[in-house]
2 protein chains.
Amino acid sequence: MTPRNEKTTPNRGLGDFLCFAVYSANLAFGRAYKPILDQVGLTYPQYITIVALWEEDSQTVGGLGEKLFLESNTLTPLLKKLEAMGYVRRARAAADERQVVVSLTETGRRLREKISTTNLVKASGLNPEEFRRMRKGIATLRDNLIKAGAESAGEP
Amino acid sequence: MTPRNEKTTPNRGLGDFLCFAVYSANLAFGRAYKPILDQVGLTYPQYITIVALWEEDSQTVGGLGEKLFLESNTLTPLLKKLEAMGYVRRARAAADERQVVVSLTETGRRLREKISTTNLVKASGLNPEEFRRMRKGIATLRDNLIKAGAESAGEP
DNA sequence: CTCGATTAAATCGTATGCGATCTATATAGC
DNA sequence: GCTATATAGATCGCATACGATTTAATCGAG
């Protein structure tokens with residue numbers, strides 16, 4: 001019934017999967033950052049959250065989630081840990097008591113000078129131009145995936 | 001003491017971080033795969049593990065871990081779930097009882113025909129040539145990060 | 001003004017990652 | 001052949017992700 005069957009499902013290995021390249025590169029980044037972040041007691045996702053707050057302080061949990069592509073179920077526990085460490089404050093918004101505004105403490109702001117990632121940029125092995133192209137390409141890929149998901153979910 | 005202080009820590013936002021592009025793209029891939037994998041009851045890491053077994057069946061836990069960049073502490077529970085679902089078998093190697101060999105069941109092999117990722121390739125928005133370049137670029141980036149980590153850890 | 005619908009966080013359960021440790025097996029020296 | 005060491009998985013605890021639900025506050029139609 002199915003002669004020449006092998007051709008229907010070509011023998012693609014892990015190395016042929018773009019998703020695996022991204023998956024494994026993400027693990028590698030987390031491991032590369034670890035020795036640096038250990039010095040200030042941050043995990044990798046906590047660090048990314050701090051970076052978002054350096055860029056714009058005093059954001060709501062929802063606003064932070066939009067930028068980080070995370071929901072409150074992930075962010076709330078993470079932010080509580082950052083608060084317990086003294087890097088951020090969490091306060092209900094006066095205008096809308098449903099919202100929680102997250103702000104950096106002075107200690108949180110000072111982390112910026114304590115965390116140097118220049119070694120990591122070197123470790124990437126990319127020159128500034130390659131670095132920029134790669135970053136843009138991956139961000140576009142991400143946005144394409146999100147857009148396609150939104151379209152197939154809701155109305156096209 | 002530190003005049004012109006702003007220049008020492010330039011205002012880089014999330015969008016300037018290659019690591020964040022990779023981090024968020026990885027989340028996006030997991031979400032894009034979800035509706036497809038839900039049909040066969042697999043999670044995204046479980047799927048990647050199955051792909052590794054399609055490429056080469058009957059691997060030890062350690063061998064699988066090398067290809068997936070994962071340790072036994074992550075793989076063992078995942079493989080037990082795949083075994084409970086009937087997609088793989090786990091058996092101690094006769095030659096060396098310390099090793100556990102993981103093999104696909106017939107059901108596990110048949111998943112290959114049931115999971116179609118052509119829609120996802122389209123969703124990436126990349127033509128075959130761009131797709132290939134992106135995949136290679138990210139894999140190289142990953143390998144550079146791993147190499148740099150190994151060098152700074154052990155002897156240079 | 002009031003009640004149903006909506007929205008923002010938080011909570012809960014499950015599944016990864018991963019450091020640290022444990023157990024069982026295999027190997028090396030003597 | 002016996003013991004010390006090394007190796008392969010497994011176990012445990014903690015920190016994300018995330019679907020589903022809950023709680024509390026706001027909004028809106030009447």
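Visitor: Which residue in S3(A) does A:Thr60 stand opposite?

Guide: A:Thr60 faces A:Val101 there. This is a predicted model, where local features need pLDDT of at least 70, side-chain atom pairs count only at pLDDT 80 or more, and totals for chains, interfaces and linings use all residues. Residues are numbered from 1 along each chain as its sequence is written, while chains are lettered from A and ligands numbered from 1 in the order in which they are written.

Visitor: How should I read the sheet, and in what order do the strands of chain A come?

Guide: In general, strands of a sheet pair through backbone hydrogen bonds, either parallel or antiparallel. Strands (E, at least two residues) and helices (H or I, at least four) are DSSP runs numbered from the N terminus, and two strands pair if DSSP finds at least two bridges between them. In chain A, 3 strands form an open, antiparallel sheet in the order S1-S3-S2. S1 (59–60) and S2 (88–92) of chain A each have a single partner strand, so one side of each lacks a neighbour in the sheet.

Visitor: Which residues of H4(B) are buried?

Guide: Buried means 20 or more other C-beta atoms within 10 Å of the residue's own, exposed means 12 or fewer, and partly exposed is in between, with C-beta atoms placed from the backbone. B:Leu75, B:Leu79 and B:Leu82 are the buried ones.

Visitor: What follows H4(B)?

Guide: B:Gly86 does, with a positive phi near 85°.
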